[in-house]
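Visitor: I would like to learn how to read helices and strands in a model like this one. Could you take me through it slowly?

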Amino acid sequence: MRESFPRTRTVIVVRFLVAAAITLTALIGGSSLARPAVLILGSIAAALTVVYLLWHAAGGRPHLLLLVQCTVDVVFITLLAYFSGGLGSPFKLLYFLPVIVVAGRLGLRPGLAVAGGAVAGHVVLVLTGPPSWSHLMESGAVAEIAILLISLVLVALLEGHLARKAGESEDQLTVTRSELDTAELRIADILDGISSGLVLIDTSGSVAYLNRAGETILGIPGADSKGTDYRLVFADVPAFCERISAALDAGRPEARVEFFIKRRGGGSTPVGLSTSILRSGQGEDRGVIAIFQDLTRARQVEERLRHDDRLSALGEFAAGVAHEIRNPLYAIKGSIDLLKETIKPKGDEAKLIELVSRETDRLNTLLQDVLQYGRMESGERESVRLDALVGEVAELARQHPAMAPTTDLVVEATDQVEGVVNAEQIRRALLNLTINALEAIEGEGRVRLSLVPQAAFAARGLAGASGCGVALIVEDTGYGIPVDSKDEVFQPFKTTKKGGTGLGLAIVDKTVRAHGGRIAVVSEPGKGSRFIMYLPV
């Protein structure tokens, strides 16, 4: 049985009150009471309360404490009855109290034992009375003993049965409550685990639930909003309130709508919201469920796709124009070279012809970049040792005119990593970044080429990219990228380098994305830049 039915401390307090009532009865009772004896017994019973409380406070076993109390109480009741009229004492009714308490608290068997003790006490009262058997029969004492025995046993049986049923009901209630709590936790975990915001509004307009994603999107603590009218909770989001109000009033779902949420720190977040009606099994409206999402990422993806479409169209157009220009350009270049060999120009004429030849070469380089950007595809791929490829790029860079004697070119590619890539395209992209890094250094400086496997991303402070298992890094100590140009470095025809075409980094970006990777840049003006190519392997 449970400590909570009834509580041991409660029993101790109640028996103290009963002892006090007995003492008061002795003070105002009639001549049939042996007043001094009853007063002493009542006082002793009340004093024992202190002993029981100390026992309970010391951590004594509550069941044993209760059994001892009730056993002692049977003895006290017998003595009270003896000193207050014997078989005619009104205190005999108190025998039922310990039986009820023990049977209800400890069960049927202890209750029957205490009932037997009460009957034994009653027999003692009989035996201490007139000794004549005939007198006992005439006075009905035997019948009284039998009735008391039957009554106490019935009380013990009934109370024990009720206590058992109550215990079973309490156990079942505990199990049901535990299962309900578990189910609520599972539902809460599921709702808190989804990336969309979810809020439940009951029919009175109070917020019944707001999941974790909803708190983040709206910037509202769920614990503070629960039980509060939604018009107060979402006062800063009028469009949100309008859709919920419309769903509550109309009793039907509302179509998806998009709006912006203004942030307290500035800026706004695009949000998509749709509502549904929550109904009971009987079809009664229970409230409104609002599901909403932060559309920032989706808008960025859409913008990126539109941007890519524009660049693709621009690239195809530029490639077509470049193709048409290359033929006459070849003719101009050939004619200039022929004139140079034929007429042997001197002075200003030689300078002019050399200028035309040099600018023709530069224009041809630009056209090659345009054609490469406009017609770039992932091409044939093969398994390549990327660490070896990094070493090859470093050797090529050391032979480039941009490699100054005061520049230190360092290679960190000790891990052997294989990747299925177009080796020529990745080599060209990495070389492009390396040459840019060399050209960005004024005076003494350092350029580092690194290969970092995914397992070392965290140690190197790399964010990584979905599906990418390796990072190729080119970093320098050059002049860096201006803050206002950082977001445009991969845009075609955008360049901060004197004499640059503005297509080098655009080609690198397109190459990496064609391989399913991502390129990132970290730069600080005056301190250098760091380009990171994340690639799948």
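Visitor: What should I know about the model before looking at details?

Guide: This is a predicted model, in which local features need pLDDT of at least 70, side-chain atom pairs count only at pLDDT 80 or more, and totals for chains, interfaces and linings use all residues. Residues are numbered from 1 along each chain as its sequence is written, and side-chain values use heavy atoms, with hydrogens and water left out.

Visitor: What is the mean pLDDT of the protein chain?

Guide: pLDDT is the predictor's confidence in each residue, from 0 to 100, and where it is low, the predicted coordinates should not be read in detail. The protein chain has a mean of 77, with 77% of its residues at 70 or more, whereas over residues 1-6 the value stays under 50.

Visitor: Which residues of H11 are buried?

Guide: In an α-helix there are 3.6 residues a turn, so residues three or four places apart point the same way. Helices here are DSSP runs of H or I with at least four residues, strands are runs of E with at least two, and both are numbered from the N terminus. In H11 the buried residues (under 20% relative accessible area, with exposed over 50% and partly exposed in between, for a 1.4 Å probe and protein chains only) are Phe 240, Cys 241, Ile 244 and Ala 247. Seen down the axis of H11, these fall within an arc of 130 degrees, taken from the directions from the helix axis to the C-beta atoms, so they line one face of the helix. On the other side of H11, Pro 238, Glu 242 and Asp 249 are exposed, and just after the helix Gly 251 takes a positive phi of about 70 degrees.

Visitor: Which residues of H14 are buried?

Guide: The buried residues of H14 are Leu 386, Asp 387, Leu 389, Val 390, Val 393, Ala 394 and Ala 397. They cover an arc of only 155 degrees around the axis, which puts them on the same side of H14.

Visitor: How many bridges join E9 to E10?

Guide: Two strands pair if DSSP finds at least two bridges between them. Seven bridges join E9 to E10, and these strands run antiparallel, with Leu 451 standing opposite Leu 472 in E10. E7 and E9 run parallel and are joined by six bridges, and Asp 408 has Arg 446 in E9 as its bridge partner. E9 is mostly covered, with seven of its nine residues buried.

Technical notes. Contact means heavy atoms within 4.5 Å.
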